[in-house]
Amino acid sequence: MEGYNQDNTADSGELARDWAGLISECLRNILSRLSLEDRWLGAMLVCKAWLQECKDPTLNSVLDLETNFDSVTELPRFWTPEFESRIDNMIISVVGWSNGSLSEIRVRHCSDRSLSLVARRCPNLQVLSIQSCPRVSDSIMAEIASGCPKLKEVDISCCYKISFKSLTTIGSHCPNLHILMRNMMIWVDPSPHFGIILNEYLNAYPRDGDEEVAAIGIFMPHLLMLNSKVPS
């Protein structure tokens, strides 16, 4: 018994370290089973230890907010600078926590501010879905194309500051692009959108459909799926 106690005492520090690592691993496993919303609005607020585990790169390789937008009616607050800033801040946080492992982003109402960081720090990005982003520009899409050459899927639907120039740039720099979504809000009567969507956004409706078709045909020869409705 005496020898057993000595061995146990000698190993106690190592055993404690092993258990600490196991507890952390188990916690990350549990957190990985939660939805993004549950992690951000629940787990992160429990304590500092849980907050730290939620920042682990393995839990931040995907940022998918699309289901949250799909489940609600378009609201006026979505088009405000304050809401855009919240989405940007969320993207910036996840990019930092991912440590370069971020492979999928599905959001809406972000801006050049957050996407500039994505372009610089997400070389492994494969999916970029940024529907309804009134302030995302051709210049930032050029940075994305250059910094994220592994892109396989891009959705830039209802982004009216993005023109055919971005399609040319993305096609030239992202040879693995297989899916492109480029739909616009086409309606006969725009009145249902008044008071919800910014007038400046509605008035900026692009009219370069022919150029976009040409850019897709020339610079995206490996597309497997194209969903595009734009005015000519």
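## Exercises on a predicted protein model

Of the 232 residues of the protein, 42% count as buried (buried means under 20% relative accessible area, exposed over 50%, partly exposed in between, with a 1.4 Å probe and protein chains only). The model is predicted, so that local features need pLDDT of at least 70 and side-chain atom pairs count only at pLDDT 80 or more, whereas totals for chains, interfaces and linings use all residues. Residues are numbered from 1 along each chain as its sequence is written, and side-chain values use heavy atoms, with hydrogens and water left out.

**Exercise 1. Determine how many helices and strands the protein has, and state what share of the contacts with a separation of 6 or more joins residues 24 or more positions apart.**

Solution. The secondary structure consists of 10 helices and six strands; helices (H or I, at least four residues) and strands (E, at least two) are DSSP runs, numbered from the N terminus. A contact means heavy atoms within 4.5 Å. Among contacts in the protein with a separation of 6 or more, 70% are between residues 24 or more positions apart.

**Exercise 2. Identify the buried residues of helix H8, locate them around the axis, and name elements that cover them.**

Solution. Helix H8 spans residues 164-173, and its buried residues are Ser166, Leu167, Ile170 and Gly171. These residues lie on the same side of H8, because they cover an arc of only 130 degrees around the axis (the arc is that of the directions from the helix axis to the C-beta atoms). Their cover includes helix H7 (138-147), strand S4 (153-155), strand S5 (179-183) and helix H10 (209-219).

**Exercise 3. Carry out the corresponding analysis for helix H6.**

Solution. In H6 (residues 112-121), the buried residues are Ser114, Leu115, Ser116, Leu117, Val118 and Ala119. They pack against helix H5 (81-98), strand S2 (104-108), strand S3 (127-131) and H7.

**Exercise 4. Describe the backbone and the burial of His109 and of Ser132.**

Solution. The background is that most residues other than glycine have a negative phi. His109, in the loop between S2 and H6, has a positive phi, near 60 degrees. With a relative accessible area of 1%, His109 is buried. Ser132 belongs to the loop between S3 and H7, and its phi is also positive, near 55 degrees. Ser132 is buried, with a relative accessible area of 7%.

**Exercise 5. Is Asn183 buried or exposed, and which side chain does it meet in a polar contact?**

Solution. Asn183 is located in strand S5. It counts as buried because its relative accessibility is 17%. Its side chain forms a polar contact of 3.0 Å with that of Asn227. A polar contact is a pair of N or O atoms within 3.5 Å; within protein, one must be able to donate a hydrogen and the other to accept it, and residues adjacent in sequence count only if both atoms are side-chain atoms.

**Exercise 6. Characterise the surroundings of His222.**

Solution. His222 sits in the loop between H10 and strand S6 (225-229). It is partly exposed, with a relative accessible area of 47%. Leaving aside neighbours within four places in sequence, His222 is in contact with Pro175, Leu177 and His178. Between His222 and Pro175 there are 47 residues of sequence separation, yet the C-alpha to C-alpha distance is 7.5 Å.
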